[in-house]
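Biologist: I would like to go through some labels used for this model and see what stands behind each one. Please set each value against its cut-off.

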Amino acid sequence: SRRARCRASADRPSRSASQMRAVTLEDEDSGTELEDCESVGDTSHEEEGLRVTLGKHGAEVDPPHGQRPNPNAIRTTRFTLITWLPKSLYLQFHRAANIYFVLVAILACTPWWGGQWGGKVITVMSILLFQAFKDGYEDMKRNRDDYEENSREVSRFGPKEREFRVVEWQACEVGDLLLIKKGEQLPCDLLVVASDESSGVFYLSTKSLDGETNLKERQVPLSLLDALGGAKGARVSAEDRARALLASGLVLDLEPPSPSLLEMECSMTIGSRPCGLHIGNFALRGCELQNTAWVLGIACYVGDSTKARLNSSEPPSKTSELENFLNRCVMCILCFIFSVALGFAIASAIVHKEDNPDMATAIWKIFVKYVVILYAVLPMTLYIAFEILHIISGFQIETDLLMCHEGIHAKARNTSVVEELGQVDFVFSDKTGTLTANEMRFAFCCIGSTVVGPFLPSEREGPSVGEEAIRRMLQGGGEAAKAAAHFFGALAVCHTVKLEEDGGYQGESPDEVALVEAARTVGFALVGRHASEAGVMHRVESPEGTEDHRIAHVLEFNSDRKRMSVISPQSDGTAVIVTKGADSVMEGLLAEPLPSAAHSALADFARKGLRTLIVARRVMDAGTFTTWKGKWDEAAAAMDGRADRIAAVSAEAEVGLSFCGITALEDRLQDGVPETVAALRQAGIRVWVLTGDKVETAVEIAKACNLFEDGMHLARSVGAESPEDAIDRLSQGCHSATSSAMRGMVLDGPSVAQVLSSERAQKELYQLAESSSSCVCCRLSPMQKRELVELVCRQNSQAITLSIGDGANDVPMIQGAHIGVGIRGKEGSAAVQACDMAVSQFRFLANLVFVHGRKAYRRIATFLCFFIYKSVVLGWSYILYAYGVRFLGRLSFPEWLDILYNPLTSGAAIVVLGFDSDYPDKMALRSPWLYSPGPTRAYLNGRVFLKWMCLASLHGILAWMLPVRVLAPVYEDRLEQTPNFWEASYTAFTVIFVTIHLKLLIATEQSITALGAGVLLLEVLVYVPITVVIGTPYAKKICPELSTPYNLVWEVITTTQSLLLILLVPCTALLLDLIEAVVQCRCCIRRQQHGHISGPVLAEDSSGGSSSE
């Protein structure tokens, strides 16, 4: 069976019982007063364990926690009322651009500037306060959620009052006795000490922790039931149980808080009897009680010490390649601004040295002026616009009806990496639940040396072929009937499946459910299951009658053991051990070698792509079982290294097994998987499947989903004994292939481990991976999956990796890739909680990559080039004018035009580029070749960026020189800044404004949308009235340069010469751009006419069915 396992605390050192500190219990009201703790959910005790002792007056904890008012309160807010503004500003100052803008605002207020300061200060304050209020609003929502959580109610037993009283969650303390009723969530991590069921069994829904919808069965410690007499008669009320517990003198030794959801190393002493506790005795915060009227628990971990809070950290932050490029551009622009300002200041001091006796002061004053003047070159709206584009892309992903499955839409949890979906070089995929549906069906089995099947439904009515064969075998008697009865009887007993009220089965993995259902179809039906002090009773109806099997011990499955066992004591003192597990570990546990027919069956099942398990059993004699049970009890009670000791004792029981048979389960491919994988490979993306399955099974699945094609040469490295051995095997296979498209690689876990142990082998593996189109890695652990992803990232820092999976074991791989995609599957929501993008089906990866990723990359790359382009266009005016007036530190444009430049040229860019699209979505899905510009960085590379900057320089020079030379030809006009100069300046600014917007239209790939046209027109309509208004005499204090008696702005827009310049200069400047756009358009049409666009559309309609055109 396959279960998601979290090993977060595997390397955490164990703590011995001697490290625990003693505690006594006294009345709650008579204890000494302790210091108040300021922090909410104090975790000062995290490095040491606790001892909780129950007595008639209540509970006492050592070390004590202190008398703080809300020990179980949680707080997820980032700010307080006092720290909100300072902390928000501090976080904003992590961006160098914001520091520069504040510096400009400060310098503008100094006498060295000598100009107006209001516009710059107001603009900078507006941007910073906007972000601060946004942070504050988000924090208010978090505070509201915290209040709702902390104010929920629970019943707490008061030792003084001797009854339960309702309190808020936040008031719960370590040692409290809490009553949880059916349907209620748990306020903290509890050791459950009593249940409504006399057997002590209770059921939890852990969906809020791991997303799994199946109920988990938990058990009150059996030694506690025995001490309190809970399993021997009628049910006892919660109040009576609470009073009995306080009188019992129970002592708990708790381990330090740990994030592991599957491990708990604690112990309990009641009277003089010690007992080990495990995670199955606890109920964690956030779980919901189901199928049980009530449970009573002792609060062991509260507040931030609960496992839910310790696992609530955010996934690692990811920054896209384009955002890193933006940050580098900002730093380059800042360096350019300060370098130019310093250069102009030095040049000014040299040119005007006769007028400046104090050279240093002169340089400083001119430097300050140009630092302020050039601030418009770095747009303040750059980061805001960048974030808005990401939000638009995320919104389009979440509203895409082609990615809606059963009413559930895709989710963009981290929009900051959306453009990297359009640049993917490697895809790393899990197999089970990701490529396959994780819907297990019993397909075949091998009993002894006989292969039986198929058990799958056929077109004919009635029982399957396999079911008929088993029934004939059972009716025939003899050794064959006995072998079949042992095999299916083992399947009906060796599990942790729960029987539902409607007769159905529910288990922690679909494998177990499929096996139990298969046993039922041939007459071995699990009809009852209940727990008692002696263990769990499985009632099985078989052809021989109804029989009860007492399961005293369950040796659980994990990724290290790769098997599970149940131990059933018999009336004569012996014990029957039934084990099922992976063939890689089970063969070594058998008393005799696996029969050759069984070996052949394993290989044949693997070639069919089936998941196999070996089933075996053993009868342990009475003396051996008694000795083993003593070791088990000792290991279970241990506080030091309990998990390792239990594993060692479990292994002692699982030896000398007798082979019963082999199960083969079918896990069908999800709809659209072969088409999606084929499309990814056609787009040049290398696809790797990383799985824990055996090699043959994974290879057959790879062939079924078009990862490996017919005729493809597969280079294999299985069971390599050294890094050199692993690489040599792969190299020999890869070199014999004719082309990279027909090369594939297959590695198993030992070979991967060898490669990862050598830097040289890692480098060579990556080189082979680049020359292969696909790879399958088998028998991998979760961390090996991540290490392979990180190997690719280390060997090629430019390669973009994408990992996709559905289970908790895929979380390391998802978080290690540039982009993590989680599939909402049947293994919980851990992958979705850790991912950047969440979808419901693997085939939606094609929509993410070919549609949204491709568009996002092109849009954001074009946006970055355009934003820097328009800054460079404006910057050339400052440079040329500075040179023309011999570096006197004067404005080339009226100050308010500088302030309006970025706001009036950003909105249209965001809307036009944010909704621009070159090809229809369905055309992009059927044409994987359209994806190639992303991985090759065709929209943003050194050549493209240089082209944009050259055009920006050309446009900027023409936009300034032509209007100024025509309208202010006299040098004195420019030097003295006469009305003629300001007329030329305003005309040049308008030319730049028009050029920028025309360039935006040329940069788009399709006809502008109605929304884009509306925003662009709005910017033009806003620009003209605003400039006319600030040109009136009434606005002289705001813009004295344009406020002339005859309204200079109105003069410009009504003068033929100025209007001709405004119309003709942009057209002249953009002539090369227009020619390039026409050529590109014709090339695109020619490619379409030559039939490059073909193939099935990979999509799904809004009703959940797949569509193909």
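Modeller: Asp146 lies in helix H3, residues 118-150; a helix is a DSSP run of H or I with at least four residues, numbered from the N terminus. This is a predicted model, where local features need pLDDT of at least 70, side-chain atom pairs count only at pLDDT 80 or more, and totals for chains, interfaces and linings use all residues. Residues are numbered from 1 along each chain as its sequence is written, and side-chain values use heavy atoms, with hydrogens and water left out.

Biologist: What is the nearest side chain of opposite charge to Asp146, and how far away is it?

Modeller: That is Arg75, 6.3 Å away. A salt bridge needs a side-chain nitrogen of Lys or Arg within 4 Å of a carboxyl oxygen of Asp or Glu, so Asp146 has no salt bridge.

Biologist: Why is Cys188 called buried?

Modeller: Its relative accessible area is 0%. Buried means under 20%, exposed over 50%, and partly exposed in between, using a 1.4 Å probe and protein chains only, so Cys188 is buried.

Biologist: What makes Val1079 partly exposed?

Modeller: Val1079, in helix H36, has 45% relative accessibility, so it counts as partly exposed.

Biologist: How do you know that Cys329 is too far from the closest cysteine sulfur for a bond?

Modeller: A disulfide is a pair of cysteine sulfur atoms within 2.5 Å. The sulfur of Cys329 is 6.3 Å from that of Cys332, so the distance is too far for a bond. The search of the whole structure finds 0 disulfides. Cys188 is in none either, with the nearest cysteine sulfur, that of Cys172, 5.2 Å away.

Conventions. Helix = DSSP H or I, 4+ residues; strand = E, 2+ residues; numbered from the N terminus. Lys, Arg positive; Asp, Glu negative; His and termini not counted.
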